[in-house]
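Here is a short briefing on one protein structure. Keep the view open as you read, and find each residue as it comes up.

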2 protein chains.
Amino acid sequence: MKKHIEQLHELDQQLSALTYAQSLVEWDSLTLAPKKSVNARAACIEGISTFYFNTLVNEKTDDLLRTLELNKSYLSQIEQSKVMIFRDDYDSIAKIPAKEFSAYQGLVVESSQVWENAKKNNDFDSFAPFLEKVIAFKKNYIGYLDLGGHPYDTLLNDNEKGLTVADADAFFATLQETIVPLVQSISKQDQVIFSENEKYPIVQQEKLSSYLMEKLGFRMDGGVLARSEHPFTINLSRDDVRITTHYYDNDFMSALFSTIHETGHALYEQNINEKFGLSVIATGTSMGIHESQSRIFENNFGKSVEFWKCFYPIMQELFPNQFGQTNLLNYYKGINYVKPSLIRIEADEVTYPLHIMVRYEIEKMIFEDKVKVNELPELWREKYKSYLGVVPQTDSLGVLQDVHWSEGLFGYFPSYALGSAYAAQFEQAMNKQFNVNECLEKGDFSNILTWLRDNIHQYGRTKTPKQIIFDATGENFNPNYFIQYIQEKYRTMYQKTY
Amino acid sequence: MKKHIEQLHELDQQLSALTYAQSLVEWDSLTLAPKKSVNARAACIEGISTFYFNTLVNEKTDDLLRTLELNKSYLSQIEQSKVMIFRDDYDSIAKIPAKEFSAYQGLVVESSQVWENAKKNNDFDSFAPFLEKVIAFKKNYIGYLDLGGHPYDTLLNDNEKGLTVADADAFFATLQETIVPLVQSISKQDQVIFSENEKYPIVQQEKLSSYLMEKLGFRMDGGVLARSEHPFTINLSRDDVRITTHYYDNDFMSALFSTIHETGHALYEQNINEKFGLSVIATGTSMGIHESQSRIFENNFGKSVEFWKCFYPIMQELFPNQFGQTNLLNYYKGINYVKPSLIRIEADEVTYPLHIMVRYEIEKMIFEDKVKVNELPELWREKYKSYLGVVPQTDSLGVLQDVHWSEGLFGYFPSYALGSAYAAQFEQAMNKQFNVNECLEKGDFSNILTWLRDNIHQYGRTKTPKQIIFDATGENFNPNYFIQYIQEKYRTMYQKTY
């Protein structure tokens, strides 16, 4: 058995080296790479993917995994997790023809480049043929895996193990019942909106981002903050976690809350068990759990009044013209302003799930063969009108706004909404052990971070999302915590004074 | 044969994808990666190297190369070059035990990190054990290759195909005969030295760097200028060539001439035949030829009076306090100030080869087993005293100053001196076709770039350094062009007025 276990770790090292390289290429392409670099990058990614495929998918690996599966009792928890993850990967990748698999990796590199230009030029038609190819691959992929059930289940399961269309339909129906009336009721309140004519110097915004990242617990010697068109987090290892943000000089909220959001993702990666080393288990367990970490920081903490009781003086110091004379309650209402809008990543906490529902339903239709690529812009406008009551005047503000589809990330969006729901359930569990609001008021994240590290972060992929939720909160996933949280938050916001 | 040729291109694609990834990891480590990232990076590089080794070194590849070698007449020039390069790589790598090869790749990642700290802390002892391991590997490597001749020949040959200790001894002897009296004679002249108390705002220096890069012909959409501790160039593809510089606010020359130097390297890479794609042949053919490109721009062009006849007004505009009242001749003498000093990368054009001779002789002794690692700091001081008449007070200013040894780059330094000599020979050949000085005075690099592209750049690795020199200049390498150039330059500098 010892020899087999060694082979398992060797496989892990090899595949993790390729994943590291691939992540770095992606980071680079989104932050620094020059315009004309795309062809060589696509060739590199295609090559790396071929190595990944050939290393994972072969009789030797299959035999190794089978032997280890038959001798589970000899394996540590970590070894068992590795076997399980490689088996999942194996079963999904092995069924794709090798050439098709690596050609697809090259395709998404090109396709996301094309999308970027299409969005810039409001030119959906230039992107459509690439999107068609990406979707065709995904449809083939669903066919190759042949898991039965709804075709879209396969893609949901890739992002959140075990999630089905039936689950997601029920979850979104519950959300919709709560959110639609909540939005209506808030719209009758005396909301505060920040003027778009104010200028927030970018150098001050940068100071704020760095200051808060560090305050929240980001280890600055184990990560990087950079700029990119769209904020994102990438992890090369627990000691090299990179986040980006985007500064707009007339909108302080965009960079501020995206930095807090990405810091939440980063803290998950930075606090994975150090002993895992560079390994397939040394990353977050699912998209949904990852989003729970970013959203608990962005919304539950970062948009709470307690958080700003501590940090508002910093805002007033950095932006004296804007906030020197504004009181905390007005600021708090301002950052929690609710209004149906066009752009997902700029949406408030309440209407955000409606943006997800639009995407969820469209993706479901795509994989039910109920809509063609050239019909997507119109379908998008219809859905936005029906869920949010607004209609984008251009595709750049509509169907082209997100990078995800160009990268083949179908089945991913639901995890954003799930993340908010998980976050509320985690916060409620945390509150049984200590008073979260007291920590926020002091700006002291040590208890919070310890709880997250102990219950979530450290495990990496050695626990499934369902296990994480059950072990951390003592019960299965329950969306009612989110509903209570969001209703309570807005009820008190317009009743109390602080 | 068609099938075999396809396999050759596939091998090229695979290995080039790995090389791309490895280069990007290196770029990242020197520009952005956070402090604690080193372990995961070493693991990645070790993994990538294992793939490289396993893909290149196996019976299948050996058979493929042999078949193609036996059927040369069916191959295009490009295909023949690929076969030759892979055969060279194969023969040198195949003889190293696989584990040793990939462990070494991890070692140099760690070792260069340790060197960085050792240099910062003036702590040679912390670096010594790593240097010992690197040298031990190199000695084993020489043994494995077993080429006969002087052991150091193997390392020279790796950097400049065909170069031997006998050649290098003769070359350096010729240089020494010229340079030592030249330095003495210049020291009697009325030299101009810039004050170290002046401040050159970094934002102005950045403008100058970007402006000149573009003027010299760097395609800005096919490359990047960034900052790093030590300036360098890295090429991911002809459309993604990256250079760095380092700005010091009391020394404009450092960033200015390193930018011009690295731009020379970058132009070589950016002008390689587009048809080569991402390929083993799509890069410069040798260290020596590469250095000829950086040095012809830095010294022959960038430190000529003709160049500054064109560009000096820009300097005066960017730095009015320093140069507003200084005339061109004084500026020209200032940038060409000659004085024996401690730091290679800050050395003037005349004493520079003496810095290389110190390193050349020490490396030769290392591989003749005539000096131990712990004796290197003292040997360094002795050689500097003897060649340059100066003695470093700390190891950071002495034996620790260069990154090369920490990365295993032995046999590399001589190419810097060769580069200067090649550059002079190329300039002389160019002058047979058009008047180089007239181009410089106009600041118009189109003829120069066309000549370099036609005679050198486009070929990538499809010609050896010796072929390049012969085809471009009509004769074999002749160091006398450099000697004439450098003597003539300084003779006229202190005679003429401009």
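**An enclosed helix**

In α14(A), the buried residues are Leu328(A), Leu329(A), Tyr331(A), Tyr332(A), Lys333(A), Gly334(A) and Ile335(A). Keep in mind that this is a predicted model.

- Helix α14 of chain A spans residues 328-335, and seven of its eight residues are buried, so the rest of the structure largely encloses this helix.
- What lies over those buried residues? The cover includes α10 (252-270), α12 (305-318), α13 (320-323) and α21 (480-493) of chain A.
- The N-terminal end of α14(A) has a cap, Asn327(A). A side-chain oxygen of Asn327(A) sits 3.1 Å from the backbone nitrogen of Leu329(A).

**The nonpolar core**

- The largest nonpolar core holds 320 residues.
- Which members touch the most other members? They are Trp308(A), Leu376(A), Trp308(B) and Leu376(B).
- Take Leu376(A) as a case. Leaving out residues up to four places away in sequence, Leu376(A) touches Phe124(A), Leu131(A), Ile362(A), Ile366(A), Val371(A), Val399(A) and Trp405(A).

**How the two chains are related**

**Where the chains meet**

- Chain B gives 35 residues to the contact, and chain A gives 35 residues.
- The size of an interface is often stated as the accessible area lost when the parts come together.
- Between them, chain B and chain A bury about 2,800 Å², and 70% of that is on carbon and sulfur atoms.
- Three residues, Pro34(B), Lys36(B) and Phe51(B), supply 21% of the area that chain B buries against chain A.
- How many salt bridges join chain B and chain A? The count is four.
- In one salt bridge, the side chain of Lys36(B) meets that of Asp239(A), at 3.9 Å from N to O.
- Four residue pairs are in polar contact across the interface of chain B and chain A.
- On chain B, α1 (2-31), α2 (38-56), β1 (223-227) and β3 (240-245) each supply at least two residues of the side that touches chain A.

**Salt bridges**

- Side chains of opposite charge can pair when their charged atoms come close.
- Over all chains, the count comes to 58 salt bridges.
- In chain A, the side chains of Asp395(A) and Arg381(A) form a salt bridge at 3.2 Å, N to O.
- Asp395(A) lies in the loop between α16 (376-388) and α17 (414-431) of chain A, and Arg381(A) lies in helix α16, so this pair ties together parts 14 residues apart in sequence.
- Buried or partly exposed? Asp395(A) counts as buried, at 16% relative accessibility, whereas Arg381(A) counts as partly exposed, at 26%.
- In chain B, the side chains of Asp62(B) and Arg87(B) meet in a salt bridge at 3.0 Å, N to O.
- Asp62(B) lies in helix α3 (residues 59-70) of chain B and Arg87(B) in helix α4 (residues 77-94), so the pair ties together parts 25 residues apart in sequence.
- Asp62(B) is buried, with a relative accessible area of 14%. Arg87(B) is buried too, at 14% relative accessibility.
- Asp63(B) and Arg66(B) form a salt bridge through their side chains, at 3.9 Å from N to O.
- Both Asp63(B) and Arg66(B) lie in helix α3 of chain B, three residues apart, or about one turn of the helix.
- An α-helix has 3.6 residues a turn, so residues three or four places apart point the same way.
- Asp63(B) is partly exposed at 37%, and Arg66(B) is partly exposed at 41%.
- Chain A has a network of salt bridges that links Asp62(A), Asp63(A), Arg66(A), Glu69(A), Arg87(A) and Asp91(A).

**A buried serine**

- Ser16(B) sits in helix α1 of chain B and counts as buried, at 7% relative accessibility.
- Where does the side chain of Ser16(B) reach? It reaches the backbone oxygen of Asp12(B), at 2.8 Å.
- Not counting residues up to four places away in sequence, Ser16(B) touches Leu278(B), Ser279(B) and Val280(B).

Key. Residues numbered from 1 in each chain as written. Chains lettered and ligands numbered in written order. Predicted model: local features only at pLDDT ≥ 70, side-chain atom pairs only at ≥ 80, totals over all residues. Heavy atoms only, no water. Core = buried A, V, L, I, M, F, W, Y, C linked by side-chain atoms within 4.5 Å. Buried < 20%, exposed > 50% of the residue type's maximum accessible area, 1.4 Å probe, protein only. Contact = heavy atoms within 4.5 Å. Buried area = accessible area lost by both parts, 1.4 Å probe. Polar contact = N/O pair within 3.5 Å; in protein donor to acceptor, adjacent residues only side chain to side chain. Helix = DSSP H or I, 4+ residues; strand = E, 2+ residues; numbered from the N terminus.
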